[in-house]
Amino acid sequence: MCGIVGYIGSKDACPFLLAGLQRLEYRGYDSAGIATMRPVEGICVTKTAGRVAELVEAVKQSNTVGRLGIGHTRWATHGPA
């Protein structure tokens with residue numbers, strides 16, 4: 001099972017995406033990721049294996065900002081996370 005969340009708006013998408021993924025974590029916790037889009041830089045992807053907490057730490061270290069984004073959690077039923 002997986003969880004998907006998206007955001008389009010005037011504020012930075014990351015806080016909304018991470019909060020949504022934390023609420024959806026019960027739908028999958030093998031891996032998580034977010035992708036945001038900025039007009040000049042394009043798409044920025046940050047993903048981790050494990051819980052959403054690991055993704056939160058990875059986002060703090062990256063430049064994942066933008067006003068449009070999508071996030072997911074994954075619960076692998078077979079294959080690597």
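1. Disulfides: the count is 0, where a disulfide is a pair of cysteine sulfur atoms within 2.5 Å. C14 is in none, and the nearest cysteine sulfur, that of C44, lies 7.8 Å away. C14 is buried, at 5% relative accessible area, whereas C2 is partly exposed at 40%. Buried means under 20% relative accessible area, exposed over 50%, and partly exposed in between (1.4 Å probe, protein chains only).

2. Basis: this is a predicted model, in which local features need pLDDT of at least 70 and side-chain atom pairs count only at pLDDT 80 or more, while totals for chains, interfaces and linings use all residues. Residues are numbered from 1 along each chain as its sequence is written, and side-chain values use heavy atoms, leaving out hydrogens and water.

3. Helix α1 spans residues 13–23, and its buried residues are A13, C14, L17, L18, G20 and L21. Seen down the axis of α1, these fall within an arc of 160°, so they line one face of the helix. The arc is taken over the directions from the helix axis to the C-beta atoms. Helices (H or I, at least four residues) and strands (E, at least two) are DSSP runs, numbered from the N terminus.

4. Packing of α1: its buried residues pack against β1 (2–8), β2 (31–38), α2 (52–61) and β4 (68–74), with contact meaning heavy atoms within 4.5 Å.

5. Surface: I8, M37, I43, V45 and L68 form a nonpolar patch with about 530 Å² of accessible area together. Patch members have over 30% relative accessible area and no salt bridge, and nonpolar side chains are joined within 5 Å. A salt bridge is a side-chain nitrogen of Lys or Arg within 4 Å of a carboxyl oxygen of Asp or Glu. Areas come from the Shrake-Rupley method with a 1.4 Å probe. M37 lies in strand β2 and is partly exposed, at 42%.

Notes
Patches are made of residues with over 30% relative accessible area and no salt bridge: like charges are joined within 9 Å, nonpolar side chains (Val, Leu, Ile, Met, Phe, Trp, Tyr) within 5 Å.
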